[in-house]
Amino acid sequence: MVTFRGQTYPGKHKPIIELDVFERCQDLLQGKNRRVRNANHYLAGGMFVCAHCGYGITGERIVRRMKSGRVHEYVYYRCGNLEPAPDHPVVRWRQDQLEEAIQRDLAALHIPHDERRDWFRRHLAAACDDQNRLREERNRQARKRLTELDQMQQRLLDGYLGGAIEKEAFTAKTTEMKAEAERVRQQLDGAGTCGDEVGQHVLALFDFAQNAGQDWGVSGKDARRAILGRVLLKRSLSDVSLVTTKRKPFDVLIEGLDLSKSRGDSTPVELFVQGIRAWEPGIKGLLSRETVKRD
Ligand SMILES: [Zn+2]
């Protein structure tokens, strides 16, 4: 800040140290503990909401100076509601406790038995192969039909030019065949199933889910936020527990892979593939880049 003729103006110089760092230093020098609000804690900022009131979970850092002179710093996450209802419990998690809870939550995606895990992975790969074969067959049929339509159009034109067909009939038939050709071409374009951008990553995504808990444990803060964003849709914290909703297709892994049961007419393998296809294009793009990076 710059003061000029009694008025205060924002200064052009950047502060040499950030205010909260400065304040912490001051407090430490004076032997005080201090809460620092609004500091940039990596699990705050909308990553979680309070299960009781829906407010965002915010972070705070508490610095304690011990009698020995050692300084301890703790990061807490708590409900950001400044005027909670009287029955609102205290929602406050130490960072390492929250990190552990997240890791347990992610680890639940892991299929514990090697045999079951391999089995599911093999069936995912096979499902993609089957769908690719089907798609190739459909595409082959579609291309054949386009060639036929082309030849028919040529014969029709010959007939019209040779005087064997009236103009009206020629026009009507031509319109009809053009419309069919258009439909077939659209089928060809939209025929992507497992062979499309998403299908290529079915196995990579499955592997990602199987390792998500472990990866979380060894990742940096940005990577951790990315993992959360990809896997967990709704994340809420109560006074005692972390509750999350898994993004499709990861929900399939949580619900268990009992093959005798299936949701509607689909097996868990099909649901997993369908779940990925239901992702919005933006997420698919992100997903491709991330999975490619992993490989
Ligand atoms: Zn709350």
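## Core, helix pair and sheet

Apart from neighbours within four places in sequence, Ala 212 has contacts with Leu 106, Leu 109, Ile 227 and Val 231, a contact being two C-beta atoms, placed from the backbone, within 7 Å. The model is predicted: local features need pLDDT of at least 70 and side-chain atom pairs pLDDT 80 or more, while totals for chains, interfaces and linings use all residues. Numbering starts from 1 along each chain as its sequence is written.

Ala 212 is also among the members of the largest nonpolar core, of 35 residues, that touch the most other members, together with Ile 57, Tyr 77, Ala 209 and Val 231. Such a core joins buried Ala, Val, Leu, Ile, Met, Phe, Trp, Tyr and Cys residues through C-beta atoms within 7 Å; buried means 20 or more other C-beta atoms within 10 Å of a residue's own.

H5 supplies the largest share, seven residues.

The axes of H3 and H5 come within 10 Å and cross at roughly 160 degrees. The two helices are therefore roughly antiparallel, the term for angles over 145 degrees. Arg 117, Arg 121, Leu 124, Ala 125 and Cys 128 of H3 meet Val 202, Leu 203, Phe 206 and Gln 210 of H5.

E8 also belongs to an open three-stranded sheet with the order E4-E8-E9 and mixed pairing, where pairing requires at least two DSSP bridges between strands. E4 and E8 run parallel, joined by two bridges, and Val 49 stands opposite Ser 236 in E8.

Technical notes
A residue is buried if 20 or more other C-beta atoms lie within 10 Å of its own, exposed if 12 or fewer, and partly exposed in between; C-beta atoms are placed from the backbone. Helices (H or I, at least four residues) and strands (E, at least two) are DSSP runs, numbered from the N terminus. Axes are lines fitted to C-alpha atoms, for helices over the stretch in contact, and angles run from 0 to 180 degrees between N-to-C directions. Angles under 35 degrees count as roughly parallel, over 145 as roughly antiparallel, 65 to 115 as roughly perpendicular and the rest as oblique.
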